[in-house]
Structures are given as structure tokens and as C-alpha cells.
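Visitor: I am new to this structure and would like a close look at a single part, one chain taken by itself. Please take me through it carefully.

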Amino acid sequence: MNWLRVFFHGGLTSYRALFAWINPWIFLPVLVVYPVFQTVFFVYLGRAADVADDAFFVIGNSFVAAAVTGLFGMGQAIAGERRFQTLPVLLASPASRLALFLGRAVPTMANGFVVATITFVLGAALMGVTIDRAAYGGLALALAASCFACAALGLCVGSLTFRARSIGVFADAISAALLLVTGANVPLERLPDVLQSVSAYIPLTHGLHAARTLATGASVTDVLPQIRDELLVGAAYFAAGLLLLRYFERDGRRAGSFERF
Amino acid sequence: MIRAFATGLRVHLVHLLRSPFDLVAILIWPVIFASIAYYLIGTEGSTRVLFVASLGAAMMMLWSQVIVGSGFSLDQQRNQGTLELLVAAPVPLVIVIAPVMIASAAFGIYGLLVTLAWGRFAFGIPIAIDHPVAFVVAAVAAIVSIGLLGLIAASLFVLSRAASYFGVALQYPVYLASGLMLPLALLPAWIDPLSWVLAPTWGYRALTHASGGGGAWRDIGMCVLLSAVYLVLALPCLAWFERVARDRGTLKLS
């Protein structure tokens, strides 16, 4: 019961207190206008290069929008605790770390899902992209898997708050790299072999593959392996994030560095 | 006033050179944009096309640095409680804010160098600049004009902390409307007149023409003309927004 209380109340309170983009004056420009115009930009770039259809870029950039939200949202959920000096109190509590951080991940994932959906709907409408309605359920499933994987990567980024003054540096650099390495804006077969190999272990890649396959008319069962792989990648990053947090927590206790800023 | 302007430029440049976020961002983003363009265009594109794409990526970073970097820089001043002191300084506000914008744009030159070096060493794109003098002048004209375009937005940044996030939203629309990395002919015709009043359009064209083909001086002239227009527009905007911010007492609110 206490586990669930920490999970729900902790997650919701953290989201309301630390997700700075929740303010509509910030949400609209950062999480609606920015990703929609990013989508439009890459659709036109794709048309100029003539290597893929518009749907490729609309799907790619919608998923990237979810990734950015996951990375920054989850990262800030932990970094914000440190900034407002509540991290030592949080870590002194006997609460389950899984409940604490999974509770913080869920609102971020939901947020990413909403942002990606808005980006997809507006991007598709602006660029005249139509996708069969039968694919929507599968697309939602692939997107949910990617939101989880990206929030898990955000947990790893957030853990770095114990060592770095700002996690924005990491989140920004990773979100830039995701544009390229996951195949969001370049077909994977056009990337060098080394990047193609790396992309298999990065959130978004398998989710994007699943979504694009669904958009061509495949059924959900056809893409279950990709969705499973995306969830596995997410689970691996989530476990790595928890381990990193545990390691940095112990190290921080030993060095007494929680409040050093 | 000259001393205040020069000191502002120096302090903000030093600040940027000490900021891990800005240093990493300006290293990563133009490289990512340029790489996406290289991989999309592929080996089918000539080295000239790829070189021009590098210039586009660099110009994108220059604009982003001005519109996002300077917005957050002013926000940081607000958080640290120094924005009020800057606004209260006994020099016109434009002398305090313009160096922030121009230093941010100048910092974008680092992005230009990084992009050209990345193209050269990672993709073998030769750095071919036919008119080096015009290229340098074009770079300076682009910095000043884009910095002064940012000055118009800066008046909003002074007014509200949320305004700096509008800078984030303004990145891609300007990339598109300025035809950075993609031909304007692909875009709807109504965007064409919009591109004429945007400094990144002319800065990009000036750099492109100076690097090959010639005819950069007309584009440089447009950068100079637009700089004057932006300054004329920014002055009353800054004065008005400063008065509103003082009236509302929102300078300190973060």
C-alpha cells in the first residue's frame, strides 16, 4: 500500500512541482510549436533529398518529440530535487527506490505520449500525410513502448545530477544525437555500419521501425518483435538508471556531497 | 556607452566560453544537422552541395544561439537577480542588451568552424572559399544582423520569463523561412517575401556566394540594411517593454 502511495502521490507531486514545462506559456512553444515545425522542416528537407516519403519524417519527428520530453522531463525530475535541495530528504526516506523513480517516470511518459500525438496529428495535417486508421492502435502501442524507453534513458541522464551541475548538457546532446542515430530523419541503411549497430541499442530505433512498418499496412502482430525489442531496451536503461542512482547515492552518502552544488 | 558595450560583449563571450551547455550544444547540433544533410543527400550530391549544406547548418546554429541562448542568458540574469541592475544601469538598455545578442551570434562562428571541420574530416568535403575577404565580411555582417534581429525578441525576454521559451519555438520557423539547408522554391510561395526580411536568409546567401560563384556583396548590403531596420524597430520595442516591466514590477519575477 505504501509502495503504491509513493508511486502515485510521489510521481504526481513531482510532476506538478518539477516539470517546468507544464505552464501553458512554456508547454505551447516548447512542446507543440517546436516539434511541429521540426517535423515540417525535416519533411521539406526529405523532399529536397528525395530519399523517403513524408510519412517517414512525420512519424520520425513525432517520436523524437516524445523522446525529448522523456529525457528532459525525467532528468529534471531528479535534477530538480537537487536544485531545490530536497534530494537528501528524498534519499534519506526508506521508500522503495523503484516506487520513487517509476512513479516519476509514468507522468513523463504520459506527457511524451500526448506531445508525440499532438505533433503527429498537426504534422500530418500540415504536410498532407494520411495513415490508415486501422494502424492507429498499433502506432499507439509502439509510441507507448518508445515513451517508456526514452523515460528510462532520462532516468540514466537524471542520475548524473549527482556528479554534474546541469543535466541539460547531457539531455540536449543526447536529444540531438537521437535525431540522427535512431533513424528518425535518415533511413538507417544510409548510415554507416557503426551507427547502424549502435542504433539497435538506443531507445526509439525499434519503436520507429515498428511504427513505420505499421504505417505501410502491417498488422500489430507483424511488429510485436520490434515493440518487444523497444521494451527490452527501455528495461535495460531503466535498470541501468536505478543502478547508477544506487551507486551515486552510496557515493554521495560517503562523500557527503548531496548538498554540494 | 562604448565602454559599456565593449565590456558587455567581452563578459558575455567569456560567460559563453565557460558554459558547458553552450559549448557542447554548439559542438553537437551543427554537426548533427550537417550529418543529417550529408546522409540524406548522400554521395549523389556534389561536394559543393554538401559544403553549402554545412554553411546552412552553421547558420542554423548561429540563429539558435541568438534566439535561444540569449533568451536563457537573460533569464539567468533574472534568476541571479542581476537583470534589475542591468536595466537600472545609467546607459540605454540597448547598450546593455545588444552585446548579449551580438556575442551570442559571434559565438555561432565556433559552430561554423566546427561544421566546416566536421565536413572536411568526416566526409572529405573540401573547404573551398573562392572569395575569402568577402567570406569574412559576410560572416561579420551575418553576426551583426542576426544579433540585431534577436534584439527585437530581447525586448520580450525582458518583459517575461516565459518569453525565452518563445525563442525555442522560433528556431525551426526561421530555418524554414530562411531556406537554410533546403531550397526556398520547395516552400509555399507566400514564404518568399517573409524570407526577404530575415537576416539569416541574407547571411546564408552571403556566405554561400562568397564561398563560390561571387555576388556576395549585394547580400552583405542586405545584411547591413536589415541591421539598421532591426535597430530602428528594436529601440522603441525595448523602451516600451522596459517601461511595462518596470510598471508591473516583473523584472525580478522568475
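Guide: Two residues are in contact if their C-beta atoms, placed from the backbone, lie within 7 Å. With that in mind, residues 24 or more positions apart account for 81% of the contacts in chain B with a separation of 6 or more. This is a predicted model, in which local features need pLDDT of at least 70 and side-chain atom pairs count only at pLDDT 80 or more, while totals for chains, interfaces and linings use all residues. Residues are numbered from 1 along each chain as its sequence is written, and chains are lettered from A and ligands numbered from 1 in the order in which they are written.

Turning to secondary structure, where helices (H or I, at least four residues) and strands (E, at least two) are DSSP runs numbered from the N terminus, chain B has 11 helices and 0 strands, and its elements, read from the N terminus on, run α-α-α-α-α-α-α-α-α-α-α.

As for overall dimensions, the C-alpha atoms of chain B fill a box of roughly 60 × 35 × 35 Å along the principal axes. The radius of gyration is taken over C-alpha atoms, and the globule rule is 2.2 Å times the number of residues to the power 0.38; for 254 residues a compact globule would have a radius near 18 Å, so the 18 Å of chain B agrees.

Finally, buried residues, those with 20 or more other C-beta atoms within 10 Å of their own, the C-beta atoms being placed from the backbone, make up 54% of the 254 residues in chain B.

Key. A residue is buried if 20 or more other C-beta atoms lie within 10 Å of its own, exposed if 12 or fewer, and partly exposed in between; C-beta atoms are placed from the backbone.
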